[in-house]
Each structure stands twice: as structure tokens, then as C-alpha cells.
Amino acid sequence: MYLQLNSVIVDADATNRQEMANFLGQFGVSVMSQLPSLEMLPAMLSRSDAPQLVIINLDPNAREMMKKVAHLPRQHQQVSFFLMSQVLDPDLLMEAMHAGVREFIPLPMTEAKFSSALERVAQQYGMGKRAKMIHIIPTMGGCGSTTVACNVAAALAKHGKTALIDLDLIRGGVASYFDVRPRYTIADVMESTSTVDRQLLDNALTIHQGSTLAILARPELPEDTQRVTVQGVSRLLGVMGRMFDYVVVDSTMSIDPIYTSTIQASDVNVIVMQLNVPSARNTERFVGALRRMGIESSKIRVIVNRFEKKGWDIEPSEVERALGLKIAWMVPNDFKNAIGAINFGEPVVLRTPRAEMSVSLRELAGTFNGRAGHN
Ligand SMILES: Nc1ncnc2c1ncn2[C@@H]1O[C@H](COP(=O)(O)OP(=O)(O)OP(=O)(O)O)[C@@H](O)[C@H]1O
Ligand SMILES: [Mg+2]
């Protein structure tokens, strides 16, 4: 069973076709075929594996082309048609509407409008995004982002179907924090030509027995990180977003395209810092970058890890002033339980659920799930 929308692109211009195919790939839509004209389209629409979406560029002869496509939406009512044109003439729009065209996209198109149109189609086919996507970003080595990611994911797994993806591709430690040995990794679900289907993904996910959390580990060989692509990651997040209630990503502080697209796809970007100068500086730098990328403040959450009640290098209020953001959460310092959990291969929320650190992490998870973290 495919969890992806299949599409066909019709465009007279080869460069446009390729651009559109790349663009759709980023939204997790697979392209069955790119056609230069309408000629082959009816045959494709009659196949048993017909695409759910057809995107037609009417230009350069928009009116003429409109006449040729007008009968198709009625004949193939299970298919959504998107028409595009630089010509924005009311008659043309009316004609498209009467023909039963789902979306008319004026060119040049706006990415945001196009993606919401895609989301509407995905929803219609029961493939709408479902998961809350939580992206966890460290601001310095060892600040505790993997600890936060693993514990938040383990706690959320009690409330809904949850996956944890290790996107710290070289150094990531998620599999060992849960003491699981994955057979497949994120590098194995990247193939850009084939669609990601459920079976392939099911094989690649390792289920942690104690929590039922589904883990997608980083590649074993550092060389294999080269197989991880931005298109592959975007498609993966799209598909996993339809399979799970929560998708947690343990990440790194980067604006490489793989991470930029993850930042954009996420409902919350959680920035993990400690109350010291280097970490606070990096937090400020990265929050600045997120803002310049157009990420709204409501999607950015700064949390302090290893909080000590007595004494810190810098005042929390100073950090908040510099960031123009409130610190959303503070996880207490608890060296003994934190290191014990890592050595044992089980997150603190599972191993020592009563510890102050575990209560804090569970309640933090509760803020993502919309409920209090009592369990
Ligand atoms: N709240 C905490 N109290 C005490 N120790 C902690 C806490 N959180 C994490 N640690 C410890 O800090 C160390 C680093 O944690 P972790 O691996 O989660 O950090 P990270 O930011 O993912 O590091 P990396 O840069 O390696 O990815 C570990 O030894 C862990 O036990
Ligand atoms: Mg880490």
C-alpha cells in the first residue's frame, strides 16, 4: 500500500517539468510520468494505478489547451486536476471552474499556496498529515539534546503512535540510548526514484520493546550518510507524518538543506541549551537564522537542560532578553540518573520514572501532546 500521492506532470517545457518534479518530491508527492503534451494522458488515467493528481501547465497557448483538457475532470472524477497558467483571464478561470478543475494556479506560483493545495488533495485521499513533528536541535556538544529527544519520544509513545528519527547522521546515538540494534537505517529508505511504501519503512523501523517506540537509526557506516538526501528526507517526513501521531527528530544545529527542510516541516523546533555563554551564543545565532527563514516564534521553543537551582553562568532572564523569547522549559541536572540511563540503554522516563529529571521530561512531553504529563 502506498502512502504517497502519485502524480503526472504535463508541460511543454522540459525544464519546467523537471523543476515541478523536484518541487513535488519535496512535498513527498511522487511523479509517475512527465509528459510534454496531452497525448498520452488519457491512457494513463485509465490504468488501474492511475495517478491521484494531474498537474497541467496550460501555457504557452492557454486558451487552446484549456479546450483540450476541459472534458478530462468529468471523465476522471477520482483524479484531482491542477491547472497552471500565466494568463489570468476571468473567462479562462470560469472555464476551468466549470470543467471541475480542482485548483487553478497562477504562474509564477507561490510555494505556500501550492503546498496547501497539495495538502488538501492529500487529505481527500486520507493521506493528510497527522503527526505532530518535533525537531530537537542542540546548541553545543553534550548539551543533552539526544537525552531530551529520547525521553520525549518514549513519553509520547504512551499517548500515541510515535517515531524517533536520528538525524545526527554521523555521531547520532539514538539506537544505543535504547539499546537496539537496527538492521536498516535512514540511508536505506532514501531511493529517490521509487516510492517509499509502508513495507519498506516497516522493515527499516526498529521497535523498542519497552515503549513500542519506532526508531529510525542513523547509518552504521559514516560513508552511508552520503546516501541521505534532502528529497529523501522530505519524502520520508511526509510519509511518516501520515503513519504516526508523533514524529520526534534528534538533529544537529545546521542549515544544510536536509535540516532546513526538516525545520520547515516541523510543528515545533526545540532548541536545547545550557545556561553557559557558548551555548547561549549559539542559541541566539540559531534563533536568528530561524527567524530569517521565516519560522514563526510559536514554532520555536528554547529549553534549558541540566538546570541547577543554585548558580549558573548566566541568568535565564538575560538569555530571554537577548533572544526575545521566553525559556519554555528547564530540565534539572541529574548526572547520576542521566548517565545511568545511557549506560543501561533505557531513557530515564522508563528506567527511573520518579526521578525529578524524569518527571520534568515527561511533563515537557505533555506540553507537545497538549495534555499534562502525568502517567
Ligand atoms: N538533565 C541532565 N542532567 C545531567 N546530565 C545530563 C542531563 N541530560 C543529559 N545529560 C548527560 O549529558 C551527556 C550528553 O547528553 P546527550 O548525549 O543527550 O547530549 P547531546 O546534546 O545529544 O550530545 P551530542 O553532542 O553528543 O549529540 C550525557 O552523558 C548525559 O548523560
Ligand atoms: Mg546527540
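This is a predicted model: local features need pLDDT of at least 70, side-chain atom pairs count only at pLDDT 80 or more; totals for chains, interfaces and linings use all residues.
Is the crossing of α7 and α16 left-handed or right-handed? The protein chain comes out with an average pLDDT of 91, and 96% of the residues score at least 70.

Now for that helix pair. Helix α7 covers residues 145-156 and helix α16 covers residues 356-369. They pack at an angle of about 65 degrees, and their axes sit 9 Å apart. The crossing of α7 with α16 is right-handed. On the α7 side, the contact is made by V148, N151, V152, A155 and L156. Helix α16 brings L361, R362, L364, A365, F368 and N369 to the contact. Sort those residues by class and you get eight nonpolar, two polar and one charged.

Next, have a look at the sheet. It's an open one with five strands, and reading across it you meet them in the order β2-β1-β3-β4-β5, with parallel pairing. The edges belong to β2 (30-35) and β5 (103-106), each of which pairs on one side only. From one strand to the next, the twist averages 20 degrees.

One stretch calls for some caution. Over residues 371-375, pLDDT stays under 50. The model does have ten contacts beyond four places in sequence for residues 371-375.

Key:
Residues are numbered from 1 along each chain as its sequence is written. Chains are lettered from A and ligands numbered from 1 in the order in which they are written. Two strands pair if DSSP finds at least two bridges between them. Helices (H or I, at least four residues) and strands (E, at least two) are DSSP runs, numbered from the N terminus. Axes are lines fitted to C-alpha atoms, for helices over the stretch in contact, and angles run from 0 to 180 degrees between N-to-C directions. A crossing is left-handed if the near helix is turned anticlockwise from the far one by less than a right angle, and right-handed if clockwise. Two residues are in contact if their C-beta atoms, placed from the backbone, lie within 7 Å. Ala, Val, Leu, Ile, Met, Phe, Trp, Tyr, Cys and Pro count as nonpolar, Asp, Glu, Lys and Arg as charged, and the others, Gly among them, as polar. pLDDT is the predictor's confidence in each residue, from 0 to 100.
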